[in-house]
Amino acid sequence: SNMASDSATALLKRVGYILSDKKQKNLHWTEIQSKSSEYGLELVPVSLESDIAEQYDHLDGILMKISSLLTNAMKPDVYPEASLQVSRLKSFIEANPSLVVIDPVSSCEHILQRDKTLSIFQALNKALPDFHCPASFKLSDGEVIPKTVRYPVICKTIEGGGTDESHQMGVVFNEEGIAAFSRPILVQEYLNHNATIEKVFVIGNYSHVVRRPSLPNYSSDRTDTVMFNSQRFGDILGNPDDYSVPHPSQERIAAIDAALSSITGLSLYGYDLITSAETGKQAIIDINFFPGYIGVEDFMTHFLGHIKSKVMQG
(Lines give C-alpha, C1' and ligand atoms only; values in the text may rest on other atoms or scores of the structure.)
Protein backbone atom coordinates (compact mmCIF):
# COMPACT_ATOMS: atom_id res chain seq x y z
CA SER A 1 0.00 0.00 0.00
CA ASN A 2 1.33 3.48 -0.70
CA MET A 3 2.16 5.89 2.07
CA ALA A 4 -0.42 8.49 1.13
CA SER A 5 -3.33 6.22 1.94
CA ASP A 6 -1.74 5.15 5.23
CA SER A 7 -1.32 8.72 6.39
CA ALA A 8 -4.11 10.62 8.10
CA THR A 9 -4.54 12.78 5.00
CA ALA A 10 -5.85 9.95 2.84
CA LEU A 11 -6.60 11.33 -0.61
CA LEU A 12 -10.18 12.03 -1.53
CA LYS A 13 -11.70 9.84 -4.24
CA ARG A 14 -12.52 12.03 -7.22
CA VAL A 15 -15.92 11.45 -8.78
CA GLY A 16 -16.94 13.34 -11.92
CA TYR A 17 -20.61 14.20 -12.28
CA ILE A 18 -22.66 14.84 -15.41
CA LEU A 19 -25.98 16.33 -14.27
CA SER A 20 -28.22 19.01 -15.78
CA ASP A 21 -28.65 22.28 -13.89
CA LYS A 22 -32.25 21.29 -13.21
CA LYS A 23 -31.16 17.94 -11.75
CA GLN A 24 -28.56 19.65 -9.57
CA LYS A 25 -31.17 22.07 -8.29
CA ASN A 26 -33.66 19.28 -7.49
CA LEU A 27 -31.02 17.31 -5.59
CA HIS A 28 -29.69 20.39 -3.70
CA TRP A 29 -26.35 19.62 -5.27
CA THR A 30 -24.41 22.52 -3.70
CA GLU A 31 -25.23 21.09 -0.29
CA ILE A 32 -24.25 17.57 -1.39
CA GLN A 33 -20.93 18.92 -2.66
CA SER A 34 -20.24 20.76 0.58
CA LYS A 35 -20.72 17.53 2.56
CA SER A 36 -18.87 15.26 0.14
CA SER A 37 -15.40 15.55 1.71
CA GLU A 38 -16.82 14.12 4.97
CA TYR A 39 -17.38 10.98 2.90
CA GLY A 40 -13.88 10.99 1.42
CA LEU A 41 -15.17 12.27 -1.91
CA GLU A 42 -14.37 15.14 -4.21
CA LEU A 43 -17.21 15.78 -6.69
CA VAL A 44 -16.14 17.54 -9.88
CA PRO A 45 -18.15 18.60 -12.96
CA VAL A 46 -17.52 16.74 -16.21
CA SER A 47 -18.50 18.07 -19.63
CA LEU A 48 -19.10 15.84 -22.64
CA GLU A 49 -18.46 18.74 -24.99
CA SER A 50 -14.74 17.97 -24.93
CA ASP A 51 -12.47 15.04 -24.21
CA ILE A 52 -12.81 13.96 -20.55
CA ALA A 53 -9.13 12.99 -20.32
CA GLU A 54 -8.23 16.60 -21.12
CA GLN A 55 -10.38 17.85 -18.21
CA TYR A 56 -8.95 15.58 -15.49
CA ASP A 57 -5.82 13.48 -15.35
CA HIS A 58 -7.60 11.02 -13.07
CA LEU A 59 -11.15 10.13 -12.03
CA ASP A 60 -12.11 7.34 -9.62
CA GLY A 61 -15.75 7.40 -10.60
CA ILE A 62 -18.40 8.96 -12.81
CA LEU A 63 -21.94 9.71 -11.71
CA MET A 64 -24.50 10.78 -14.28
CA LYS A 65 -28.07 11.30 -15.28
CA ILE A 66 -28.16 11.86 -19.04
CA SER A 67 -31.45 10.29 -20.10
CA SER A 68 -32.41 12.72 -22.87
CA LEU A 69 -28.86 12.63 -24.25
CA LEU A 70 -28.93 8.82 -24.36
CA THR A 71 -32.39 8.82 -25.94
CA ASN A 72 -31.26 11.29 -28.63
CA ALA A 73 -28.01 9.40 -29.27
CA MET A 74 -30.10 6.40 -30.35
CA LYS A 75 -30.96 8.51 -33.43
CA PRO A 76 -27.47 9.62 -34.59
CA ASP A 77 -28.74 10.87 -37.97
CA VAL A 78 -31.10 13.30 -36.20
CA TYR A 79 -28.85 14.12 -33.22
CA PRO A 80 -25.21 13.79 -34.33
CA GLU A 81 -23.96 15.91 -31.42
CA ALA A 82 -25.69 13.75 -28.77
CA SER A 83 -24.29 10.68 -30.44
CA LEU A 84 -20.78 12.15 -30.38
CA GLN A 85 -21.05 13.06 -26.69
CA VAL A 86 -22.23 9.59 -25.71
CA SER A 87 -19.41 7.96 -27.66
CA ARG A 88 -16.93 10.29 -25.90
CA LEU A 89 -18.25 9.04 -22.58
CA LYS A 90 -18.17 5.39 -23.66
CA SER A 91 -14.61 5.56 -24.97
CA PHE A 92 -13.41 7.26 -21.78
CA ILE A 93 -15.03 4.48 -19.72
CA GLU A 94 -13.47 1.82 -21.95
CA ALA A 95 -10.04 3.42 -21.67
CA ASN A 96 -10.29 3.45 -17.85
CA PRO A 97 -11.26 -0.05 -16.71
CA SER A 98 -10.92 0.79 -13.00
CA LEU A 99 -13.39 3.69 -13.27
CA VAL A 100 -16.56 3.14 -11.21
CA VAL A 101 -19.61 4.13 -13.27
CA ILE A 102 -22.83 4.99 -11.44
CA ASP A 103 -24.70 3.50 -13.18
CA PRO A 104 -23.47 1.53 -16.24
CA VAL A 105 -24.38 3.29 -19.50
CA SER A 106 -25.85 0.12 -21.02
CA SER A 107 -28.16 -0.33 -18.00
CA CYS A 108 -29.38 3.27 -18.37
CA GLU A 109 -29.96 2.84 -22.11
CA HIS A 110 -31.88 -0.33 -21.47
CA ILE A 111 -34.50 1.20 -19.21
CA LEU A 112 -35.01 4.19 -21.50
CA GLN A 113 -36.63 1.92 -24.07
CA ARG A 114 -40.01 0.73 -22.92
CA ASP A 115 -39.91 -2.39 -25.07
CA LYS A 116 -36.65 -3.38 -23.31
CA THR A 117 -38.11 -2.76 -19.85
CA LEU A 118 -40.60 -5.52 -20.65
CA SER A 119 -37.79 -8.06 -20.53
CA ILE A 120 -36.82 -6.69 -17.12
CA PHE A 121 -40.36 -7.22 -15.81
CA GLN A 122 -40.45 -10.73 -17.28
CA ALA A 123 -37.14 -11.61 -15.62
CA LEU A 124 -38.52 -10.25 -12.34
CA ASN A 125 -41.56 -12.43 -12.79
CA LYS A 126 -39.32 -15.50 -12.93
CA ALA A 127 -37.19 -14.36 -9.99
CA LEU A 128 -40.04 -13.68 -7.56
CA PRO A 129 -43.00 -15.79 -6.47
CA ASP A 130 -46.57 -14.33 -6.64
CA PHE A 131 -45.62 -11.62 -9.01
CA HIS A 132 -47.77 -10.54 -11.89
CA CYS A 133 -46.18 -9.34 -15.08
CA PRO A 134 -48.85 -7.39 -17.00
CA ALA A 135 -49.24 -8.85 -20.49
CA SER A 136 -47.81 -6.44 -23.02
CA PHE A 137 -46.70 -6.17 -26.61
CA LYS A 138 -45.26 -3.70 -29.07
CA LEU A 139 -47.19 -2.42 -32.09
CA SER A 140 -45.30 -1.02 -35.07
CA ASP A 141 -46.69 0.58 -38.22
CA GLY A 142 -49.05 -1.65 -40.16
CA GLU A 143 -49.24 -4.34 -37.47
CA VAL A 144 -52.69 -5.71 -36.72
CA ILE A 145 -54.07 -5.40 -33.18
CA PRO A 146 -54.32 -8.98 -31.86
CA LYS A 147 -57.84 -10.26 -31.10
CA THR A 148 -56.66 -11.74 -27.79
CA VAL A 149 -56.23 -8.36 -26.08
CA ARG A 150 -58.00 -8.08 -22.73
CA TYR A 151 -59.26 -4.54 -22.23
CA PRO A 152 -58.65 -2.11 -20.66
CA VAL A 153 -55.04 -1.61 -21.76
CA ILE A 154 -52.62 1.24 -21.31
CA CYS A 155 -50.93 2.65 -24.43
CA LYS A 156 -47.55 4.42 -24.24
CA THR A 157 -44.99 5.56 -26.77
CA ILE A 158 -41.92 3.30 -26.96
CA GLU A 159 -39.41 5.89 -25.75
CA GLY A 160 -39.51 5.75 -21.98
CA GLY A 161 -37.95 9.04 -21.00
CA GLY A 162 -36.32 12.24 -21.98
CA THR A 163 -39.10 13.46 -24.30
CA ASP A 164 -42.40 15.24 -23.67
CA GLU A 165 -44.21 12.76 -25.87
CA SER A 166 -42.99 9.87 -23.71
CA HIS A 167 -45.18 11.08 -20.84
CA GLN A 168 -48.43 11.01 -22.88
CA MET A 169 -50.42 7.83 -22.41
CA GLY A 170 -53.96 6.55 -22.28
CA VAL A 171 -56.19 3.89 -20.76
CA VAL A 172 -57.95 2.34 -23.75
CA PHE A 173 -61.06 0.17 -23.90
CA ASN A 174 -61.25 -1.01 -27.51
CA GLU A 175 -59.43 -1.35 -30.86
CA GLU A 176 -60.49 2.11 -32.03
CA GLY A 177 -58.79 3.53 -28.97
CA ILE A 178 -55.51 1.75 -29.80
CA ALA A 179 -55.75 2.82 -33.44
CA ALA A 180 -55.76 6.49 -32.41
CA PHE A 181 -52.14 6.33 -31.15
CA SER A 182 -49.23 6.99 -33.46
CA ARG A 183 -46.93 3.97 -33.63
CA PRO A 184 -44.66 2.44 -32.45
CA ILE A 185 -46.42 2.01 -29.13
CA LEU A 186 -46.34 -0.31 -26.19
CA VAL A 187 -49.69 -1.83 -25.24
CA GLN A 188 -49.90 -3.11 -21.67
CA GLU A 189 -52.70 -4.81 -19.78
CA TYR A 190 -54.25 -2.30 -17.35
CA LEU A 191 -54.62 -3.73 -13.87
CA ASN A 192 -57.20 -2.21 -11.56
CA HIS A 193 -55.22 -1.48 -8.40
CA ASN A 194 -57.62 0.32 -6.07
CA ALA A 195 -56.17 3.75 -6.92
CA THR A 196 -53.06 2.94 -4.86
CA ILE A 197 -49.45 3.01 -6.00
CA GLU A 198 -46.25 2.55 -4.02
CA LYS A 199 -43.35 4.61 -5.30
CA VAL A 200 -40.14 2.90 -4.24
CA PHE A 201 -36.90 4.91 -4.32
CA VAL A 202 -33.70 2.87 -4.26
CA ILE A 203 -30.21 4.10 -3.30
CA GLY A 204 -27.88 1.10 -3.28
CA ASN A 205 -28.98 -1.13 -0.41
CA TYR A 206 -31.44 1.41 0.97
CA SER A 207 -34.97 2.04 -0.20
CA HIS A 208 -37.77 4.37 0.75
CA VAL A 209 -41.45 3.74 -0.03
CA VAL A 210 -44.03 6.47 -0.57
CA ARG A 211 -47.70 5.65 -1.10
CA ARG A 212 -49.46 7.90 -3.63
CA PRO A 213 -52.91 8.06 -5.18
CA SER A 214 -53.14 6.47 -8.62
CA LEU A 215 -55.63 5.92 -11.43
CA PRO A 216 -59.03 4.58 -10.38
CA ASN A 217 -60.52 1.16 -11.15
CA TYR A 218 -62.17 1.13 -14.60
CA SER A 219 -64.90 -1.18 -15.77
CA SER A 220 -64.19 -2.96 -19.04
CA ASP A 221 -67.47 -1.86 -20.64
CA ARG A 222 -66.39 1.77 -20.77
CA THR A 223 -65.69 3.01 -24.33
CA ASP A 224 -63.91 6.36 -24.36
CA THR A 225 -60.13 6.55 -23.88
CA VAL A 226 -58.76 8.23 -20.74
CA MET A 227 -55.78 10.29 -21.95
CA PHE A 228 -53.27 11.59 -19.42
CA ASN A 229 -49.72 12.80 -18.92
CA SER A 230 -47.77 10.63 -16.49
CA GLN A 231 -46.12 13.73 -15.05
CA ARG A 232 -49.36 15.64 -14.38
CA PHE A 233 -52.54 13.70 -13.97
CA GLY A 234 -54.00 14.95 -10.70
CA ASP A 235 -57.47 15.49 -12.13
CA ILE A 236 -58.15 11.82 -12.90
CA LEU A 237 -56.76 10.19 -9.75
CA GLY A 238 -58.78 7.92 -7.51
CA ASN A 239 -58.60 7.96 -3.72
CA PRO A 240 -56.59 5.24 -1.94
CA ASP A 241 -58.58 5.94 1.25
CA ASP A 242 -61.62 4.35 -0.39
CA TYR A 243 -59.75 1.01 -0.25
CA SER A 244 -57.45 -0.51 2.31
CA VAL A 245 -54.62 -1.95 0.27
CA PRO A 246 -52.11 -3.59 2.62
CA HIS A 247 -48.65 -2.03 2.64
CA PRO A 248 -45.98 -4.35 1.21
CA SER A 249 -43.66 -5.72 3.91
CA GLN A 250 -40.08 -4.50 4.21
CA GLU A 251 -38.90 -8.04 3.38
CA ARG A 252 -40.94 -8.03 0.20
CA ILE A 253 -39.58 -4.64 -0.90
CA ALA A 254 -36.03 -5.78 -0.11
CA ALA A 255 -36.55 -8.92 -2.23
CA ILE A 256 -37.86 -6.87 -5.18
CA ASP A 257 -34.96 -4.38 -4.83
CA ALA A 258 -32.38 -7.17 -4.80
CA ALA A 259 -33.90 -8.86 -7.85
CA LEU A 260 -34.21 -5.59 -9.79
CA SER A 261 -30.67 -4.43 -8.94
CA SER A 262 -29.29 -7.72 -10.16
CA ILE A 263 -31.43 -7.85 -13.33
CA THR A 264 -30.86 -4.21 -14.37
CA GLY A 265 -27.34 -3.51 -13.07
CA LEU A 266 -28.67 -0.24 -11.59
CA SER A 267 -28.10 1.08 -8.07
CA LEU A 268 -29.97 4.42 -8.26
CA TYR A 269 -33.53 3.98 -9.47
CA GLY A 270 -37.20 4.20 -8.64
CA TYR A 271 -40.08 1.90 -9.49
CA ASP A 272 -43.87 1.90 -9.22
CA LEU A 273 -45.49 -1.04 -7.50
CA ILE A 274 -49.21 -1.86 -7.56
CA THR A 275 -51.37 -4.69 -6.21
CA SER A 276 -53.94 -6.15 -8.58
CA ALA A 277 -57.47 -5.60 -7.24
CA GLU A 278 -58.47 -8.84 -8.96
CA THR A 279 -55.73 -11.29 -7.91
CA GLY A 280 -53.98 -9.54 -5.00
CA LYS A 281 -50.64 -10.10 -6.76
CA GLN A 282 -48.11 -7.29 -7.06
CA ALA A 283 -46.89 -5.87 -10.34
CA ILE A 284 -44.29 -3.33 -11.30
CA ILE A 285 -45.56 -0.89 -13.88
CA ASP A 286 -42.62 1.48 -14.31
CA ILE A 287 -38.94 1.85 -13.52
CA ASN A 288 -36.82 5.02 -13.76
CA PHE A 289 -33.12 5.66 -13.45
CA PHE A 290 -31.89 8.15 -10.80
CA PRO A 291 -35.28 9.74 -9.93
CA GLY A 292 -35.81 12.94 -7.92
CA TYR A 293 -35.89 11.24 -4.51
CA ILE A 294 -38.35 13.88 -3.35
CA GLY A 295 -39.58 13.08 0.16
CA VAL A 296 -36.78 10.61 0.92
CA GLU A 297 -35.62 11.34 4.45
CA ASP A 298 -31.85 11.74 4.92
CA PHE A 299 -31.39 11.52 1.17
CA MET A 300 -27.92 13.10 1.26
CA THR A 301 -26.58 10.72 3.87
CA HIS A 302 -27.77 7.66 1.96
CA PHE A 303 -26.68 9.07 -1.39
CA LEU A 304 -23.15 10.09 -0.37
CA GLY A 305 -22.75 6.88 1.63
CA HIS A 306 -23.72 4.88 -1.45
CA ILE A 307 -21.29 6.68 -3.76
CA LYS A 308 -18.55 6.26 -1.20
CA SER A 309 -19.13 2.52 -0.89
CA LYS A 310 -19.27 2.06 -4.70
CA VAL A 311 -16.03 3.97 -5.25
CA MET A 312 -14.24 2.32 -2.31
CA GLN A 313 -15.17 -1.15 -3.57
CA GLY A 314 -13.79 -0.10 -6.93
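Does Tyr 293 count as buried or exposed, and at what relative accessibility? In this predicted model, Tyr 293 counts as buried because its relative accessibility is 3%, where buried means under 20% relative accessible area, exposed over 50% and partly exposed in between (1.4 Å probe, protein chains only). Residues are numbered from 1 along each chain as its sequence is written, and side-chain values use heavy atoms, with hydrogens and water left out. Because the model is predicted, local features need pLDDT of at least 70 and side-chain atom pairs count only at pLDDT 80 or more, whereas totals for chains, interfaces and linings use all residues.

Tyr 293 is placed in the loop between S13 and H11, and it has a positive phi of about 55 degrees although it is not a glycine. Helices (H or I, at least four residues) and strands (E, at least two) are here DSSP runs, numbered from the N terminus. Asp 298, which is likewise not a glycine, has a positive phi of about 55 degrees and is also found in the loop between S13 and H11; Asp 298, however, counts as exposed, because its relative accessibility is 54%.

Strand S13 (282-289) belongs to an open sheet of four strands in the order S10-S9-S12-S13, with antiparallel pairing, two strands being paired if DSSP finds at least two bridges between them. Strand S10 (206-213) and S13 are the edge strands, each of which pairs on one side only, and from one strand to the next the twist averages 25 degrees. Between strand S9 (residues 196-203) and S10, the antiparallel pairing runs over eight bridges, and Val 202 has Ser 207 in S10 as its bridge partner. Helix H11 (residues 299-313) packs on the sheet, where it touches S9, S10 and strand S12 (268-275), and its direction makes about 45 degrees with that of S9. Contact means heavy atoms within 4.5 Å, while axes are lines fitted to C-alpha atoms, for helices over the stretch in contact, with angles running from 0 to 180 degrees between N-to-C directions.

The structure holds one cavity of 30 Å³ or more, and the largest cavity has a volume of about 40 Å³. On a 1 Å grid over the protein atoms alone, a cavity is a set of points where a 1.4 Å probe fits but cannot get out, and lining residues have an atom within 4 Å of a point; grid points are joined across faces, edges and corners, and a volume is the space filled by probe spheres set on the points. The lining of the largest cavity includes Thr 196, Glu 198, Val 245, Pro 248 and Gln 282, and S9 and S12 each supply at least two of its residues. By residue class, this lining divides into five nonpolar, three polar and one charged, where Ala, Val, Leu, Ile, Met, Phe, Trp, Tyr, Cys and Pro count as nonpolar, Asp, Glu, Lys and Arg as charged, and the others, Gly among them, as polar.

Helix H7 (residues 105-112) is largely enclosed by the rest of the structure, because six of its eight residues are buried. These buried residues are Val 105, Ser 107, Cys 108, Glu 109, Ile 111 and Leu 112, and what covers them includes helix H6 (80-95), helix H8 (114-127), helix H10 (250-264) and S13.

Two cis peptide bonds may also be described. The bond from Tyr 151 to Pro 152 is cis, with omega near 0 degrees, and Pro 152 is placed in the loop between strand S5 (136-139) and strand S6 (153-157). Another cis peptide bond joins Arg 183 and Pro 184, with omega about -5 degrees, and Pro 184 lies in the loop between helix H9 (175-179) and strand S8 (185-189).

Terms used
On a 1 Å grid over the protein atoms alone, a cavity is a set of points where a 1.4 Å probe fits but cannot get out, and a pocket is an open set with protein on both sides within 12 Å along at least five of seven lines; lining residues have an atom within 4 Å of a point.
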